[in-house]
Amino acid sequence: MTAQQMRSPSPEGVARAEAKIAQLLPQTPLLEAEINGHTVWSKADCLQPIGAFKIRGAWHRLSDLSEAERAAGVVGVSSGNHAQGVAWAARRLGIRATIVMPVDAPQVKLAATRALGAEVVLYDRPGGEDRDAVASRLCAERGATLVHAYADPWVIEGQGSAGLEIVAQMQARGLDGPTRIVTPCGGGGLTAGLALACPDAEVIPVEPEGWDDVCRSLASGEIQRVAADAPPTACDALQTPATWPINFAVLKERCAYGLAVSPAEVRAAQRWAFSVLHLVLEPGGAAALAAVLAGKAPVDGRTAIMLTGSNTDPASFAKVLQNSD
């Protein structure tokens, strides 16, 4: 039985992760703005050193490895943001990192992962190849530790550290913490971590239309997979086929429902973030904001919105800004 299978993520683990991350990285800003007549608080984790929140879980996981595990290296699976988080942490800790990435991952993410010193092994996502099977084979061949993008207790706890930061930042402004956190959701690692970190807040996962397996899983009470004919999505960071039991065990207890957003709503959120917050967001990183701007997620003056990633290429982002729809 692996370490991932032996333990469950916990609020205590989130607190330990937050303490470790606070020694390494400054808190990302919590930005105040107004949407639909209400104050909202945007957690700009798109401003992390790798341009995404994934650095949190990667650092918590890799910094907890034993010396023997560090010597054997790690294998990650990612479309790009977790890849960079693992590569960044591995380089800082002197650990060999191999990342299984899809052939259709954005070139900006592939290049950034390689620039951080990680080996990239490509798999055929459009052709239906199973990235987890590729990663498992590499781990078996090399004796490496798997650092899954979301189905790992350390990763879940590390992502939850963002929730503890939100609470502290709101309290510093005289508020009692968030009543609600709206967050982009792919595999559910961040959503589960936030739910553990902020038990008094409603946590709402947001997915792209057609990739809303967590939404459907919450509605049915059982894990659902993305349909085989799911539409293409610009939200590559949220393009996961299904959540895992370790995540769903938390989600089904803490998340009443999820939301789905359209491509046009995501693009509108990217434009809003650029014009109002002066931030660059990749499509997946703008999903939660899209749900709030579209009026799908309620707001009440203590609603926090996770802005999770900024890793988009200039041409794609310019196209979003230049075309209103």
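The model is predicted, so local features need pLDDT of at least 70 and side-chain atom pairs count only at pLDDT 80 or more, while totals for chains, interfaces and linings use all residues. Residues are numbered from 1 along each chain as its sequence is written, and side-chain values use heavy atoms, with hydrogens and water left out. The largest pocket holds about 580 Å³ of space. The largest cavity has a volume of about 300 Å³.

**Terms for the spaces**

- On a 1 Å grid over the protein atoms alone, a cavity is a set of points where a 1.4 Å probe fits but cannot get out.
- A pocket is an open set with protein on both sides within 12 Å along at least five of seven lines.
- Lining residues have an atom within 4 Å of a point.
- Points are joined across faces, edges and corners, and a volume is the space filled by probe spheres set on them.
- Residue classes are nonpolar (Ala, Val, Leu, Ile, Met, Phe, Trp, Tyr, Cys and Pro), charged (Asp, Glu, Lys and Arg) and polar (the others, Gly among them).

**Largest pocket**

- Its lining has 21 residues, and Arg 125, Glu 129, Trp 211, Arg 225 and Pro 241 lie nearest the centre.
- The lining of the largest pocket splits into 11 nonpolar, three polar and seven charged residues.

**Largest cavity**

- The count is one cavity of 30 Å³ or more.
- The largest cavity is lined by 31 residues, with Phe 53, Lys 54, Gly 186, Ala 237 and Leu 238 closest to its centre.
- Helices α5 (81–93) and α9 (189–197) each supply at least two lining residues.
- α9 gives the most, with three residues.

**Terms for the helices**

- Helices are DSSP runs (H or I, at least four residues), numbered from the N terminus.
- Axes are lines fitted to C-alpha atoms over the stretch in contact, and angles run from 0 to 180 degrees between N-to-C directions.
- Angles under 35 degrees count as roughly parallel, over 145 as roughly antiparallel, 65 to 115 as roughly perpendicular and the rest as oblique.
- A crossing is left-handed if the near helix is turned anticlockwise from the far one by less than a right angle, and right-handed if clockwise.
- Contact means heavy atoms within 4.5 Å.

**α3 with α5**

- Helix α3 (residues 55–63) packs on α5 at about 40°, with axes 8 Å apart.
- That angle makes α3 oblique to α5.
- The α3 and α5 crossing is right-handed.
- From α3, Ile 55, Ala 58, Trp 59, Leu 62 and Ser 63 take part; the α5 side includes Trp 88 and Arg 92.
- This contact has nine nonpolar, two polar and one charged residue.

**α3 with α8**

- α3 also meets helix α8 (residues 153–172), where the axes come within 7 Å and cross at roughly 130°.
- The pair is therefore oblique.
- The α3 and α8 crossing is right-handed.
- Arg 56, Gly 57, His 60 and Arg 61 in α3 touch α8 residues including Trp 154, Glu 157 and Glu 165.
- The classes here are three nonpolar, five polar and four charged.

**α9 with α11**

- α9 packs against helix α11 (residues 245–254) at about 55°, and their axes are 9 Å apart.
- α9 and α11 are therefore oblique.
- The α9 and α11 crossing is left-handed.
- Gly 189, Thr 191, Ala 192, Ala 195 and Leu 196 in α9 meet Asn 247, Val 250, Leu 251 and Arg 254 in α11.
- Five nonpolar, three polar and one charged residues make up the α9 and α11 contact.
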